[in-house]
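I'd like to walk you through one fold, so let me put it up on the screen.

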Amino acid sequence: MSDRLPPLTALRAFDAAARHMSFAKAAEELNVTPAALSFQIKSLEEHLGAPLFRRLNRAVELTEAGTALAPGADEGFQALSTAWRQARRVLDTTSLTVTAGPALTAKWLAPRLYEFARSHPDIDLRLSAGLRVMDLHRDNVDVAIRFGYGVDEDLVSQPARPEWLTPVMTPDLYARFPTPESLREAPLIYDDSIGFLNPACDWPTWFRAMGLEFTPGHGTHFSHADHAIDAACAGLGVALGRRPMIIKDVQEGRLIAPFKVAIETDAKFRFLCLPSTQDRPQIKAFREWFFAEIEKTAHMWDDFKIIPVKDL
């Protein structure tokens with residue numbers, strides 16, 4: 001039995017048929033006729049010297065040899081696809097795909113991207129908002145903006161400014177609850193998306209920073225930070241808002257942050273890319289824009305007292 005590999009087209013036909021368990025569906029995927037696909041698999045079986053499928057009345061199933069071959073064929077073609085995409089990306093200096101969480105995308109990135117697009121009309125920017133942690137080695141993504149405590153192995157990781165939280169509300173609601181003490185009677189909004197933070201950065205923690213006791217009661221809970229801030233803008237209650245999520249609404253007067261005390265988390269946003277791609281023109285341009293944009297509004301919080309949560 002020869003160790004010489006069979007033709008790639010025959011292996012591709014087998015991989016598709018093994019995934020679909022159907023010659024017809026595999027042929028459709030590969031855009032060939034069922035007869036052509038069957039011929040490729042037959043040639044592969046002759047090369048191996050054993051059948052890979054049992055042909056049943058209206059179905060097929062893998063033989064023992066087919067079962068042994070299928071996982072490796074699938075992994076091999078996935079690896080080839082990844083390598084091909086990476087090779088194409090090396091030559092691409094005009095497209096840029098960025099992934100970030102939905103809340104940061106809605107409240108910070110999207111409202112500012114016109115500036116990047118205006119300054120770099122030659123870059124074709126794609127923004128992918130989602131909570132799934134994408135693999136920069138395998139997925140078709142160039143830059144990730146992530147929040148948390150993540151260990152960014154094998155990646156270029158540049159942290160943004162410290163992340164903190166402070167109460168925000170509409171001016172009308174502030175007229176009713178003008179002191180930290182009065183907030184204990186206010187309708188409070190809870191952002192459950194930061195429940196993973198340890199130590200916790202929640203309402204009891206902020207009241208403790210103010211030297212006040214507080215026992216959580218009823219309130220409205222949201223699973224996404226941007227929804228919590230939108231609810232605060234609508235006057236539903238007082239939200240404990242994170243810096244990038246509140247800045248635009250504070251700038252434009254929909255919300256105010258009147259108490260000038262914030263609690264700093266141990267988690268941070270990080271700008272991530274692969275070491276092999278960090279010097280590509282479009283990635284360098286986006287990184288420079290991202291951090292410059294953060295610095296544009298850093299002065300807004302100069303009069304705030306920022307207390308690290310680990311000190312509380």
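Let's start with a single residue. A68 sits in helix α4, residues 64-91; helices here are DSSP runs of H or I with at least four residues, strands are E runs of at least two, and both are numbered from the N terminus. A68 is exposed, at a relative accessible area of 62%. For the cut-offs, buried means under 20% relative accessible area, exposed means over 50%, and partly exposed is in between, with a 1.4 Å probe and protein chains only. A68 and L52 are 16 residues apart in sequence, and their C-alpha atoms are 9.4 Å apart in space.

Quick housekeeping. This is a predicted model, so local features need pLDDT of at least 70 and side-chain atom pairs count only at pLDDT 80 or more, while totals for chains, interfaces and linings use all residues. Residues are numbered from 1 along each chain as its sequence is written, and side-chain values use heavy atoms, leaving out hydrogens and water.

Contact itself means heavy atoms within 4.5 Å.

How many of its residues are buried? Five of the six, so β12 is mostly covered. Five bridges join β12 to β5, antiparallel, and G148 stands opposite K268 in β12. On β6 (residues 156-159), four bridges join that strand to β12, again antiparallel, with Q158 opposite F271.

The other sheet is open too, with six strands in the order β9-β8-β10-β7-β11-β13 and mixed pairing. Here the edges are β9 (220-222) and β13 (305-308), each with a single partner strand, so one side of each is left without a neighbour in the sheet. Neighbouring strands of this sheet are turned by 30° against each other on average, ignoring direction. β8 (residues 188-191) and β9 run parallel, joined by three bridges, and I189 has T220 as its bridge partner in β9. Helix α9 lies across β7 and β10 (238-242), at about 115° to β10.

On to the cores. A nonpolar core here is a set of buried Ala, Val, Leu, Ile, Met, Phe, Trp, Tyr and Cys residues joined through side-chain atoms within 4.5 Å. The largest one has 42 residues, and V143, I145 and F286 touch the most other members. Elements giving two or more residues to this core include β3 (95-100), α5 (102-119), β5 (143-148) and β12 (268-273). The largest share, seven residues, comes from α10. V143's contacts beyond four places in sequence include L96, V98, F271, I283 and F286. There's also a second, separate core of 25 residues, with L183, C201, W203 and F214 among them.

What about the helix pair? The axes of α5 and α10 come within 11 Å and cross at roughly 120°. Residues making the contact include W108, L109 and F116 of α5, and F286, W289 and F290 of α10.

A cis peptide bond joins N198 and P199, with omega about 5°, and P199 lies in the loop between β8 and α7 (203-209). N31, in the loop between α2 (23-30) and α3 (34-48), has a phi near 60°, positive in a residue other than glycine. N31 counts as exposed at 71% relative accessibility. D154, in the loop between β5 and β6, has a positive phi of about 65° although it is not a glycine, and counts as exposed at 59%.

Notes:
Two strands pair if DSSP finds at least two bridges between them. Axes are lines fitted to C-alpha atoms, for helices over the stretch in contact, and angles run from 0 to 180 degrees between N-to-C directions.
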